[in-house]
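Q: I would like to learn how to read a few features of a protein model, one at a time. Please give the general idea first and then the case at hand.

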Amino acid sequence: MFASENGLRGDPRLKGISEAIRVVPHFPKPGIMFQDITTLLLDHKAFKDTVDIFVDRYRDMGISVVAGVEARGFMFGPSIALAIGAKFVPLRKPKKLPGEVISEQYELEYGSDCLEMHIGAVQPGEHVLVIDDLVATGGTLSAAIKLLERVGAEVVECACVIGLPEFKGQNRLNGKPLYILVEPRQ
């Protein structure tokens, strides 16, 4: 569900967030219109508005864990976690975390990948928000959900700054809600 469909229709913050995202044509390969959030991070107001919208949504939902997907989920997750009184747990690519980890492999359009999390970082019964910058096919978010559910956590919702609706990523989230701030810029 897009924020504009859930009480924020006409909210000028969404327009500011969208305008702060740079589009880089043909990156990383021809035909891709890369949605670059680094320019959003450079815009103090747009970055703050992004975090504030997420915090307003999740403040009273009993979330104890914000799980950020590597790497751009790390940009938003810690700020949201601090503001709502939750811990932040990074979901990393293979061999990035020291210590014992649990892993979840997943398929991409162009191969496979894996997410890892420290064993013991999330306890059974904890309520989790999964955050990333963008959802397309939903493969990465689906892997994050599976990883968290394997340790007994309850994923409350997934949240992304940008959503590519034509790829229908929502369909791969095992019925979990998906909250998206803006559609991609062209």
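A: Contact means heavy atoms within 4.5 Å. This is a predicted model, in which local features need pLDDT of at least 70, side-chain atom pairs count only at pLDDT 80 or more, and totals for chains, interfaces and linings use all residues. Residues are numbered from 1 along each chain as its sequence is written, and side-chain values use heavy atoms, with hydrogens and water left out.

Q: Which residues does P94 touch, not counting those up to four places away in sequence?
A: P94 touches D113, C114 and E116. The C-alpha atoms of P94 and C114 are separated by 6.2 Å, although the two residues are 20 apart along the chain.

Q: Where is P94 found?
A: Helices (H or I, at least four residues) and strands (E, at least two) are DSSP runs, numbered from the N terminus. P94 is in the loop between β4 and β5 (101-108).

Q: How is the accessibility of P94 classed?
A: Buried means under 20% relative accessible area, exposed means over 50%, and partly exposed lies in between (1.4 Å probe, protein chains only). P94 has a relative accessible area of 33% and is therefore partly exposed.

Q: How many aromatic pairs are there?
A: Rings of Phe, Tyr and Trp (its six-membered ring) pair if their centres lie within 6.5 Å; planes under 30 degrees apart count as stacked, over 60 as edge-to-face and the rest as tilted. By this rule there are six aromatic pairs. One of them is the edge-to-face pair of F47 and F76, at 5.8 Å centre to centre with 70° between the planes. F47 belongs to helix α3 (residues 44-58) and F76 to helix α4 (residues 73-84), so this pair ties together parts that are 29 residues apart in sequence. F47 is partly exposed at 23% relative accessibility, whereas F76, at 0%, is buried.

Q: What pair does F74 form with F88?
A: F74 and F88 are also edge-to-face, at 6.0 Å centre to centre and with 90° between the planes. This pair links helix α4, which holds F74, to strand β4 (residues 87-91), which holds F88, across 14 residues. F74 is partly exposed at 24%, and F88 is partly exposed at 26%.

Q: Which charged end sits over the ring of Y179?
A: A charge sits over a ring if NZ of Lys or CZ of Arg is within 6 Å of the ring centre and within 35 degrees of the ring normal. Here the charged end of R57 lies over the ring of Y179, 4.0 Å from its centre. Y179 also forms one aromatic cluster with F54 and Y58.

Q: Which strands pair with β7?
A: Two strands pair if DSSP finds at least two bridges between them. Strand β3 (residues 65-69) runs parallel to β7 and is joined to it by four bridges; V65 has V128 as its bridge partner in β7. Strand β8 (residues 154-163) pairs with β7 in the parallel sense over eight bridges, with C160 the partner of D132. Seven of the nine residues of β7 (residues 127-135) are buried, so this strand is largely enclosed by the rest of the structure.

Q: What is the handedness of the unit made by β7, helix α5 and β8?
A: A crossover is right-handed if, with the strands pointing away from the viewer, the path from the first strand over the helix to the second runs clockwise. The β-α-β unit of β7, helix α5 (residues 139-150) and β8 is right-handed.

Q: Which residues of helix α1 are buried?
A: In α1 (residues 12-20), L14, I17, S18 and A20 are buried. The arc is taken from the directions from the helix axis to the C-beta atoms. Seen down the axis of α1, the buried residues fall within an arc of 165°, so they line one face of the helix. The face turned away from the buried side of α1 carries the exposed residues P12 and K15.

Q: What is the phi of H26, and where is H26 found?
A: Most residues other than glycine have a negative phi, and most peptide bonds are trans. H26 has a positive phi of about 60° and is found in the loop between β1 and β2.
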